[in-house]
Amino acid sequence: MANQLLIWHLLVSHNLRFTLPIWRVLYDSIPTPDTKSILVLELRNETKVEWCAVNTAICQVLWQHTFSETDWWTSLIGFYAGKILLHAYAGKEQPAPKELLAIDMLSGKISWSLQGCKFEQTDGITLQTTRMHPEHPLIWERWSLSDGQTTTSPLLPIIQESTLWKLPAIHQETSPYYSVIRQFIQKTTNKTPQKAINYGEIAGHILFFQYLYPANAITLSRSILVVNSTKAVLMNETIDSDIDSTAFGDCFYSEHQIIYLKKLDELVVLKLPRP
């Protein structure tokens, strides 16, 4: 028991609560030294939307606000090389974006906007967009990601994609590994996983996200289980389910951190002990 308590004390959990539900969570897909530990969140309810940046290295919200140039129909679509990209829509009857906006992650301010443009891809330097025109074929254009100015520079193969953050593998019930993972969770927790199981390996630790029936419950709840290389349980916690969010259920992890949503308005940064 003493050893088990010692293991649990080695875990450091930081819970970040927000004033709006968390709708989407992204990391920088082409990170710079300043953005490799940054997550960008879209926060929204039925009437309001905001965006914020979280530094997971120090577990701190760097900024959180909305912009006068945006409205509720504006949505987070990407995070590349320090630029946060948003699509602005005219409304639910207009599925094509009317504007592309870029936010500078460091300052939390809008860097530039492009009217009538839809984001297609970027290599971290050049941005490619398309533009619809009723009398012409689809128009392809290229812009500088840093300042939104037109450019003739070609798109290059991405040199550095994010290797800090990883997503767990999803094992459906038809997976050949499902029964083995399920048996391990049953033996470790005395509970039987339901539906798909998310599995990740983290520098000597193993992470499981699964659905379980808590004691005396008739509805499923999500659960997170973390064990170390000796199969000692570092964490075994039931967390909320039945949450309406595109971000809920997502989990990022690095060598020494696990990021997940505990509640609709609560992000957890779990720091793991060194193996």
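Residues are numbered from 1 along each chain as its sequence is written, and side-chain values use heavy atoms, with hydrogens and water left out. Because the model is predicted, local features need pLDDT of at least 70 and side-chain atom pairs count only at pLDDT 80 or more, while totals for chains, interfaces and linings use all residues.

**Cysteines**

- Cysteine 52 counts as buried, a word that stands for under 20% relative accessible area, with exposed meaning over 50% and partly exposed in between (1.4 Å probe, protein chains only), because its relative accessibility is 0%.
- Cysteine 59 is also buried, with a relative accessible area of 11%.

- Four strands form an open sheet in the order 6-7-8-9 with antiparallel pairing, where strands (E, at least two residues) are DSSP runs numbered from the N terminus and two strands pair if DSSP finds at least two bridges between them.
- The edges of this sheet are strand 6 (74–80) and strand 9 (109–115), each of which pairs on one side only.
- From one strand to the next the twist averages 30°, an angle taken between N-to-C directions on a scale from 0 to 180 degrees, with axes as lines fitted to C-alpha atoms.

**Strand pairs within the sheet**

- Strand 6 and strand 7 (residues 83–91) run antiparallel and are joined by six bridges; tyrosine 80 has lysine 83 of strand 7 as its bridge partner.
- Strand 7 is joined in turn to strand 8 (residues 94–104) by eight bridges, again in the antiparallel sense, and here leucine 85 has alanine 102 of strand 8 as its bridge partner.
- Six bridges link strand 8 with strand 9, also antiparallel, and isoleucine 103 stands opposite isoleucine 110 of strand 9.
- The hairpin of strand 8 and strand 9 has four residues between the strands, and glycine 108 takes a positive phi near 70° in this hairpin.

**A nonpolar surface patch**

- Met132, Leu138 and Trp140 make a nonpolar surface patch of about 370 Å², with areas from the Shrake-Rupley method and a 1.4 Å probe.
- Patch residues have over 30% relative accessible area and no salt bridge, and nonpolar side chains (Val, Leu, Ile, Met, Phe, Trp, Tyr) are joined within 5 Å, like charges within 9 Å; a salt bridge is a side-chain nitrogen of Lys or Arg within 4 Å of a carboxyl oxygen of Asp or Glu.
- Tryptophan 140 belongs to strand 12 (residues 136–144), and tryptophan 140 is partly exposed, with a relative accessible area of 48%.
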